[in-house]
Amino acid sequence: MGDHNNMKILLITTMISSYPGANTVGQAHLHYSPGTYIIRVPDPVVFPESFYMRCYEKGIDGIIIMSSGSDCPYEGAYRRLSERVARVYVQMKENGIDTSRLKLTTICTVCKAAFLKEINEMQKNILQARSEKEGVAA
Amino acid sequence: MEEEKNTQSQENESEEIRVGVYVCHCGGNISDVVDTKAVVEALKKKPNVKIAKDFVFMCSDPGQKLIIDDIIENNINRIVVSACSPTLHETTFRKALTRAGLNPYLYEHVNIREQDSWVHKGENEAATAKAIRLTAAGVEKIARQDPLEPIVVNAEGHVVVIGGGVAGMRAALALFKRGLGVTLIEKGDRLGGRALELDKVYPTEEKATDIVSQLENAVRSEKLDVRLNCEIEMIEGFVGNFDVQIRDKDSKIDKVRAGAIVLATGFDHYQPYEGEFGYGKSPVVVTLPEFNKLIADMPQSDKFTYKGKEIKNLAFIHCVGSRQVEGVHQPQADGRVNEYCSRVCCTATLHTINKTLDKFPNLNIFDLYKDIRTYGHGHEDYYEKASKRGVTFFRYTDDSIPEYAPSPNGSGATLTMKDVLTWNEEVSIPADMIVLATGMVPREISNLVGMLKLPTGTDRFLQEVHPKLRPVELANNGIMIAGTCQGPMDITESCAAAGASAAKVSILLSKKTIEMDPYVARVDEAKCDGCKLCLAECEYKGALFMAENYAHVNPALCVGCGACVAVCPPRAINIAGWTLDQFDGMIDAISMEELEPAMVPA
C-alpha cells in the first residue's frame, strides 16, 4: 500500500454520472488509495491537450477520465473527447511519458466494481512505468 | 510549458479575496478518520484564507449561522465547505450565502466524506493529508470565482406535445390541467398511436381502444389544440421561447410559440427480414403484433384455424430483433445490431399465450426463449399461469438459435435447437404456426433529431440526461421525452413517463421567467481574437455565434458541455464557474509534492 500512497491519481468525473458513481463507492465504504483525487466537470471534453500535459508536469502520476461514454448527453462530446485523448497520447509519447498513465473509460452512477478496477489498474500501470523508467536509468 | 498564474479573474481582481473555510465533522463520519482540526490549521496558513473553522454539523442551523455571521461580521466573500457530497447540501449552503447577502455562487463544496473518510478508514494520516489538499483545491477554485447570476429568460406558458399516442395525450392533459396552453401534434389522422393496434392489454385487461377513447374524450372535452395530419416543419428558439412551425396535410404552415416541448413520438415494431425464421416466405410465420390482430376478433373454439388449416402446434420465439449479437445476427440498416432488450415483449408474449389458450384451450403451445424477463408488478403471473396450463418452454442460447426448416408440404415448419433446460439436448419442435416476439425499434425521427440536435443512445432511442437523476429530460434545455421514444416500455410505464415529463415542464413554466444555472459558456471579449475555432466545436445551433469580431454565447441555447473551451488558444471562452484557470489552480493544490511547509499543522 505504501507505494500506492506515494502516487497521485487524478480522476476526472462527470457531474451527472461518474461523480455520483464515486459517491456510491463511498456510500458502500469500499476502500481505495488515498492518493486518488476526484474532480468533477460538466464534461471532460472541456480540457485541452495542454491540461493533461500540465498535470503530468505538476506531478500527477496517472489520470483516469471517467466519462459517460456513448451515453454522454452532450451531442458529439464523447467523439471529440476520444479524439482529443488520442492527441494527448501522441504528445505523451513525444514527451517520454508512458501512455498507460492516461485512461479514458466509462463509469456510471452504480459502477462500483469498475470504478475500483480502474484505480487498481492505474496503480499497476504507474508502478510498471516507474520500474521501467528506473530500469532504463540504471 | 508556459505558466499562467491567474489567481483572480478580471471581474474580481479589484476585490480582496477573503475566503472562509468550514470543515464538517459530520458527527464523526468525517472526524473519526480525518483530523478536522489539522485541516483547519493547515488551511489557516493558506493565502486568501481569512477564517477556518470546524464544526460538528455544518449543515445544521448553528453550522450555517457560523458562515452567515462570518460573511456579515468579518467580510468573508468566498466560502469553502468541506463536508459530504455537494449533491446533498450544495443548495443548503447556497441559500445560507444568499441569506447573508453574498452571491450564492461564491461558494465551493468539497467532498471529504464519500470520497475521503468513508473510503480511507484506518489510513487517518493519509486521509487527513488528502482532505487538506482537496480543501486547498477548493480554495484555489473559489478564489478565481466571479459572482454568477442565474440565466433568466422569459417563458411562454404554452407547450407543444409532439405525438398523439397514449403518452402524448397523457402529457398534454396533465399539462393542460396545470394551467398551461397545449398544442398536441399528431402525424396520423387520429389520436391513439400504436395503442390502436392492440386488443386487451396487461395488467388490467382493459381494451386498449377503450383507454385511447377515454383519453381522447378528455382531450376533446378540455378543448385542447389538437392538430391531426400535421408534421413539424421547423423548430427554432430556446427554452421558454421555441418557435414551432407546423405543416398540415395541405402543406399549410402555422406557427406556435412554446416555452417547452414534449416529445412523445413513439416507436416502430421490429420488422423481420425476409426469411428470418421463415418470415415473409411462409404464410404461417407472423409477428406478435400481427398475431394479436389476427386472434382479436376470433371467437372461442375447440379448433384454431388459420388460412383454412387447423393449427395444433403453435410456437412462439422470443427476442426476435432484440438482444442481437454482432456476428450472429443480421445488422440493421445502419450496420449495427439491436443489442438492447426490448423489455416488454416477454410479458406481452406470455399475455398473448394465455389469451390464446383462453380462446383455444386445445392448442399445444411451445415457447422458445433466451431469457424470460417479466419484470413488472404481477407480470410473472402470466409466466406461472402459462406454465400451469401446459405450455412447453425451451431455452436457447446465442450459440443455438432455433433453426427454421419448412415442412416439405409447406404447411408448417420444424424448429431445431439445443435446449438449455434439458442440458443441451437437441430438440425438434413441430410448429403449424410460428409467432415471432418482435421488439420495439426507434421511430424514424431523424428530421427532429437533426433539427434540434437531440441526443440518441447506442440503441438509437432518444437519450435522457440520466436514467435515474433526470430521466425525462434531454440535454437540450426545455425539451422533455415521454414514452417509447426513449426506449421500450409498456403503456403503464409510458403513462408514468408522460406524467413525469408534464410535471417537469409544469415546474419549468410555473413562472413567467425561467431561471437556469449559469454554468454555460462565457466569452471574455478582451481575450477573444475572433479565430472562430470554437464555432466548429459547437453542436447546438445558435448557442455560439460571431458578432463584432468576437464570439458570443446565447446562454439559453448553450448546454455548458465545454467542447468550445478546449480549442480556444487564449482561453477567451470558458464555462462560467468551471474555468480552466480554476482547474489549473486545483491541480496545483492537489499536486503539492508534500504539504507546503507553512500548511503542516504545528
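Because the model is predicted, local features are described only at pLDDT of at least 70 and side-chain atom pairs only at pLDDT 80 or more, whereas totals for chains, interfaces and linings use all residues. Residues are numbered from 1 along each chain as its sequence is written, and chains are lettered from A, with ligands numbered from 1, in the order in which they are written.

**Layout of chain B**

The C-alpha trace of chain B spans about 90 × 65 × 45 Å along its principal axes. Its secondary structure comprises 14 helices and 32 strands; helices (H or I, at least four residues) and strands (E, at least two) are DSSP runs, numbered from the N terminus. The domain assignment, whose bounds come from an automatic or database source, divides chain B into domain 1 (1-148), domain 2 (158-266 + 443-513), domain 3 (272-439) and domain 4 (518-576). The C-alpha centres of domain 3 and domain 4 of chain B are 54 Å apart.

Of the 602 residues of chain B, 49% count as buried. Here a residue is buried if 20 or more other C-beta atoms lie within 10 Å of its own, exposed if 12 or fewer, and partly exposed in between, with C-beta atoms placed from the backbone. Two residues are in contact if their C-beta atoms, placed in that way, lie within 7 Å. Among the contacts in chain B with a separation of 6 or more, 70% join residues 24 or more positions apart.

**Strands of chain B**

Strand β1 (residues 19-24) of chain B is mostly covered, with six of its six residues buried. In a regular strand the side chains alternate between the two faces of the sheet. On β1(B), Val19(B), Val21(B) and Val23(B) are buried on one side, and Gly20(B), Tyr22(B) and Cys24(B) are buried on the other. Two strands pair if DSSP finds at least two bridges between them. Strand β1(B) runs parallel to β3 (residues 78-83) of chain B over five bridges, where Val21(B) stands opposite Val80(B). Six bridges join β1(B) to the parallel strand β2 (residues 49-55) of chain B, and here Gly20(B) faces Ile51(B).

Another part of chain B holds an open, parallel sheet of five strands in the order β16-β25-β19-β20-β21. Its edge strands, β16 (285-287) and β21 (392-395) of chain B, each pair on one side only. Neighbouring strands are turned by 20° against each other on average, direction ignored. Within this sheet, β19 (residues 313-320) and β25 (residues 433-438) of chain B pair in the parallel sense over five bridges, and Val320(B) stands opposite Thr438(B). Helix α9 (residues 344-359) of chain B packs on the sheet, touching β19, β20 (364-369) and β25 of chain B, at about 170° to β19(B). Such angles run from 0 to 180 degrees between N-to-C directions, with axes fitted to C-alpha atoms, for helices over the stretch in contact. Helix α8 (residues 288-296) of chain B lies across β16 and β25 of chain B and runs at about 95° to β16(B).

Chain A contains an open sheet of four strands with parallel pairing, ordered β2-β1-β3-β4. Strands β2 (36-41) and β4 (102-106) of chain A stand at the edges with a single partner strand each, so one side of each lacks a neighbour in the sheet. The twist averages 20° from one strand to the next. Five bridges link β1 (residues 9-14) and β3 (residues 62-67) of chain A in the parallel sense, with Leu11(A) opposite Ile64(A). Helix α4 (residues 77-94) of chain A lies across β3 and β4 of chain A, at about 165° to β4(A).

Thr24(A) sits in helix α2 (residues 18-27) of chain A. Because Thr24(A) has 19 C-beta neighbours inside 10 Å, Thr24(A) counts as partly exposed. Not counting residues up to four places away in sequence, Thr24(A) touches Thr109(A), Val110(A) and Lys112(A). Thr24(A) and Thr109(A) are 85 residues apart in sequence, yet 6.9 Å apart in space, C-alpha to C-alpha.

**Core and interface**

A nonpolar core is a set of buried Ala, Val, Leu, Ile, Met, Phe, Trp, Tyr and Cys residues joined through C-beta atoms within 7 Å. The largest such core has 232 residues, of which Val161(B), Ala171(B), Ile434(B) and Ala482(B) touch the most other members. Helix α5 (residues 124-143) of chain B gives the largest share, 10 residues.

The contact between the chains takes 46 residues from chain B and 44 residues from chain A. On the chain B side, α14(B) supplies the largest share, seven residues.
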